[in-house]
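Hi,

Here is the structure I promised to pass along.

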Amino acid sequence: MFNTKNLAIPQKLADFWGQPNATAVLGDMISSAKYRKTAVGHFLLYGGPGLGKTTLAKIIANEMNSTCHIKLAQDFKEPEELFMHIAYTMSSKDVLLLDEVHSIKKTVEESLFHYMETRYMDFRTQIKHFPAHMQKEIEIKYPRYKKTTNVKIHGYGPSITIIGATTNPECLSSPFIDRFQSLIELFPYSMDAMKTIIGNICEKSKIDIEEDAKTELARRSKETVRVAHNLIQSCRDNLLANEQKLCITKENVLNTMKRHGIDMYGLKRKDREYLKIVEENGPIGLATIAKMLGYRNTMPVNEIIEPYIMRQGWITIDAGRKLTKAGQKVVDELRTNNYLIHEN
């Protein structure tokens with residue numbers, strides 16, 4: 001059975017919904033690049049996970065009739081690896097998305113400065129020194145090169161678009177940020193935007209959905225399109241498992257969410273355990289919370305559980321994690337609806 005993500009991911013900028021400021025800026029950059037017959041200018045995309053950074057990078061490539069190359073910034077251990085990838089696997093107007101760009105190696109970052117401004121590169125190396133996947137890429141495109149061949153790059157590389165994507169822009173150096181023409185922030189989606197996006201996903205996926213079902217799914221989507229896709233697929237699976245027609249109703253949503261342990265706020269068991277720990281022990285330190293949740297380190301709490309909860313203003317972090325009045329109201333509602341069992 002089809003995957004809604006494959007069917008419903010926007011392919012053109014006009015189809016990308018819910019980020020009007022970002023699409024307006026990118027629309028100008030694309031139009032300008034087409035008029036000048038060159039690549040779109042470099043830009044930085046930042047915001048929480050699941051807001052559409054990778055999708056926008058692919059859209060830029062589609063709009064420019066080029067190819068999008070998606071790479072983890074930290075995978076380039078040396079500057080030569082990055083330049084070899086650009087020189088031997090990329091063409092004019094292609095897009096290079098450096099995901100998690102905040103993790104880029106310092107030497108690679110500093111070497112990239114000059115290329116972003118001038119497109120000039122000057123180095124000598126051997127292909128055999130590069131990772132296997134890069135050797136394969138180069139040898140497929142340029143069979144004449146062997147693993148022992150000395151390669152000298154001296155001159156201008158292709159005019160490409162470099163996109164930095166990050167959830168932590170504060171970790172980037174000022175000189176690096178200054179090399180990007182535009183800094184584009186992606187924001188959490190509003191309730192109305194999520195309902196529209198959910199409707200569009202279902203329409204493109206040939207799934208009927210009732211209006212109140214859109215509302216229930218939007219409430220649980222954590223303001224994130226990626227989460228919405230997952231919830232829609234869970235509802236679809238529930239319908240098919242029960243041999244029902246593909247029409248998502250409020251009842252279908254509530255039954256499916258109950259099976260998956262997802263409450264009215266989109267929280268899962270660990271999220272609710274986190275809130276309960278903070279309620280009963282706050283103010284409490286992050287490391288202590290992680291241990292009480294059974295984690296070996298703070299990463300799952302800091303990067304997975306807390307971002308949405310903090311964004312909603314349910315906790316404060318001054319001198320330890322503590323529930324706000326809004327957070328206490330949420331916990332009380334969860335307890336009233338039997339999502340939290342009070343322990344004496």
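Below is what turned up, going from the core to a helix pair and then a strand pair.

This is a predicted model, in which local features need pLDDT of at least 70 and side-chain atom pairs pLDDT 80 or more, while totals for chains, interfaces and linings use all residues. Numbering starts from 1 along each chain as its sequence is written, and side-chain values use heavy atoms, without hydrogens and water.

The largest nonpolar core has 45 residues; such a core joins buried Ala, Val, Leu, Ile, Met, Phe, Trp, Tyr and Cys through side-chain atoms within 4.5 Å. Phe43, Ile198, Leu217 and Ile248 have the most contacts inside it. Leu217 is also among the buried residues of helix H9 (residues 211-219), with Ala213, Lys214, Glu216 and Ala218 (buried: under 20% relative accessible area, 1.4 Å probe, protein chains only; helices: DSSP runs of H or I, at least four residues, and strands: E, at least two, numbered from the N terminus). The buried residues of H9 pack against H8, S8, H10, S9 and H11.

Helix H4 (residues 79-89) packs on H5 (residues 106-118) at about 45 degrees, axes 8 Å apart (axes are lines fitted to C-alpha atoms over the stretch in contact, and angles run from 0 to 180 degrees between N-to-C directions).

Strands S1 (residues 43-46) and S7 pair in the parallel sense over four bridges (pairing needs at least two DSSP bridges). There, Tyr46 stands opposite Glu185 in S7.

Cheers

Methods: Buried means under 20% relative accessible area, exposed over 50%, partly exposed in between (1.4 Å probe, protein chains only). Contact means heavy atoms within 4.5 Å.
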